[in-house]
Amino acid sequence: MGESNQFANQAVWIVEGLIAFFILHKILSARRGQNLFIRRIAGLNVLDEAVGRATEMGKPMLFAPGLTGLDIVGLQAMAILSYVVRHAAKYGTRVIVTVADAVLYTVAEEVAKDAFAAEGAPEQFNSEDIRFLSERQFAWASGVVGILHREQVATAFYIGYFYAESLILAENGQMVGAIQVAGTPATTQIPFFLAACDYTIIGDEYYAASAYLSREPTLLGSLVGQDYGKLLMLGLIVLGAVGVTVGATWPHSGAYELFKNYFLSFFPRGMW
Amino acid sequence: MRAALHSLRIWLAEPRDGFALAAFIAGASILGIAFLVMLCGIPNRYRKFVVMSVTFVAGLFLSLEFLLPRDVVSAQGLVFSIGAIGLIISLGFAAKSAAARPRDIRGLGIWLAMTVASTAVAYFASSLRAIAVPLTTLSKSLTTARPAVGDLAMIISSFAVLLGILNLFQIHGRAVSRRTQGWYNSAAFFVAFFAILIVGLVMDWRQSQLAHLEPGSPAFTTVSRANTINSNLFQILFRGFLTSLESTMFSLIAFYIVSAAYRAFRIKSAEAVLMMVAAVIIMLGLVPIGASITSFLPESGIFSNLRLERISYWLLIGPNMAVQRAIGFGIAVGALAMGLRIWLSLERGSFFDRQL
């Protein structure tokens, strides 16, 4: 296999192909009008409450998309930003957006402008509230901390990809008494947000945000497709665990030989 | 046409310096700005189509570059895998059809026939080199083109950096001119920005001068001395100020961990108790005093599993790792779904449908 595509093998093609099929199939089913149920996600339900609190206190809100660039993490952050800004526009509440990526900054500005316009309040848009601080991690973090303290924000959203700066932001938000909602696909930072924030959107809930907030059938279908994908992964994990246990107990059995030849060789170890 | 393109490629790639380089950069920037202005001028009704097309082509390029194999045997495996996906899907639909309408023999028969057909086609197609070889050729050409695509993305980002800097100037410039509270912080921004910009540019200029001078000549010695002073100044600004300030911010995390842990471990619920007990065990298991507490237990046998360091290790590689991996799987599947939605322009709600 080549250098750049060393991870693509038969297991990747089949498993990814099947998951992609589940997602697209369920999106099409949802478009045909099939009723789909998705569970309640507390971190996303609380967004309206967080906007309301800032409105009541007459203080601004902060939206920090982390060090995310213009990738799927950043685009999802922008989808949530749009939702937050539209709700803020209804009540005339300020939203300060602090961005660490220049490309995402231009997108964030457009998203905020569009969201204000969609709510019929284009005059509320202030370009100075969308701020590009720095592309350097701690320079950006210190900039955000400065804004948290100077503006005494009532609500802080940390939605995007974060690294070591996550706890610095969340603790400073705690100091100014802000209600804090965090959402990140960075597994190493989830414990810090859980410890310091009021609500945390974890794991795949992060990617479910746009579907959950918009209730658009196409996106709900995608969520159900994702669940089928996870069921497939779960089935493979259970099959693998059972097979390896059989191998450890009866290493010379025919069943283990079959498992070794048709399953273990298909999912080679040490891919990472 | 091909010869003209070849000559253009050679002309673009040839090394330049001095005025020629500056003129080349200026020309490329003007062309880039003109292209961006042209893009902004696209009427709204065509904009959606342009964005969808570019997103689809870019996504197709990157996914094919990653997924397509580069050798014939793997390419045959890919063709077979596509057949296997068809087989699994047909089997799934056959089972669904049988469960929903047990008496519909015709429907079931169609799905089973498709299962057999997909297996046969995959088996036959995977043995054909006429299919496998073009796949590998395509894969290699995509990989060759990848650096150029990366450069294109970097150029677009560079234009965005200018907009970012403009935003910084706008915000801090207004703070200084209006003497708002803490305006001196904004003034410090301008001082730091221009100091590192000027020192960095002068350092690059001196280094390009040195490259054209004869080592040992009087001019070389003079420029080299000036360059050393400049490099030292740059190091003071970069390492002395920036890196030290960043390290200071990073070191604050140690204190924040303590205060966050204090709040997280306050016993408010059954989950908090569980988390605190786990944390205490892991902390004790990682320090010598923890090992000494349970040192009376044997080092082997069933009771050795009750030693603190073993419970701590089990907690880390057992429950903790399992949860981390479960979250990881969820994130990966979620990212795949989000990627598919954006690639195929299926993302709706929020800003996607309105903006495009």
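Which residues line the largest cavity? The lining consists of B:Phe80, B:Gly83, B:Ala84, B:Leu87, B:Ser118, B:Thr119 and B:Ala122.

This is a predicted model, where local features need pLDDT of at least 70, side-chain atom pairs count only at pLDDT 80 or more, and totals for chains, interfaces and linings use all residues. Residues are numbered from 1 along each chain as its sequence is written, chains are lettered from A and ligands numbered from 1 in the order in which they are written, and side-chain values use heavy atoms, leaving out hydrogens and water.

**Cavity and pocket**

On a 1 Å grid over the protein atoms alone, a cavity is a set of points where a 1.4 Å probe fits but cannot get out; a pocket is an open set with protein on both sides within 12 Å along at least five of seven lines; lining residues have an atom within 4 Å of a point. Grid points are joined across faces, edges and corners, and a volume is the space filled by probe spheres set on the points. The whole structure has 1 cavity of 30 Å³ or more. Helices (DSSP H or I, at least four residues) and strands (E, at least two) are numbered from the N terminus. Two elements of chain B, α4 and α5 (105-126), each give two or more residues to the cavity lining. α4(B) supplies the largest share, 4 residues.

The second largest pocket is lined by 49 residues. Nearest its centre lie A:Leu133, A:Ser134, B:Leu168, B:His172 and B:Phe189. Both chains give elements with two or more lining residues: β3 (130-132) and α6 (137-151) of chain A, with α6, α7 (183-212) and α8 of chain B. α7(B) gives the most, 15 residues.

Residue classes are as follows: Ala, Val, Leu, Ile, Met, Phe, Trp, Tyr, Cys and Pro are nonpolar; Asp, Glu, Lys and Arg are charged; the others, Gly among them, are polar.

| Space | Volume | Lining by class |
|---|---|---|
| Largest cavity | about 30 Å³ | 4 nonpolar, 3 polar, no charged residues |
| Second largest pocket | about 2100 Å³ | 28 nonpolar, 11 polar, 10 charged residues |

**Interface of chains A and B**

Contact (heavy atoms within 4.5 Å) involves 67 residues from chain B and 75 residues from chain A. The two chains bury about 6200 Å², 71% of it on carbon and sulfur atoms. Buried area is the accessible area (1.4 Å probe) that two parts lose on being put together, summed over both.

Polar contacts are pairs of N or O atoms within 3.5 Å; within protein, one must be able to donate a hydrogen and the other to accept it, and residues adjacent in sequence count only if both atoms are side-chain atoms. The interface has 10 residue pairs in polar contact, both at pLDDT 80 or more. On the side of chain B that touches chain A, α11(B) gives the largest share, 15 residues. That side has 39 nonpolar, 17 polar and 11 charged residues.

**Salt bridges**

A salt bridge puts a side-chain nitrogen of Lys or Arg within 4 Å of a carboxyl oxygen of Asp or Glu. The interface of chain B and chain A has 3 salt bridges. A:Glu128 pairs with B:Arg174 in a salt bridge, N to O 2.3 Å. Within chain A, A:Glu151 forms a salt bridge with A:Arg94, their closest N and O atoms 3.3 Å apart. This pair links distant parts of the chain, 57 residues apart: A:Glu151 is in helix α6, and A:Arg94 is in the loop between α4 (72-91) and β2 (95-99) of chain A.
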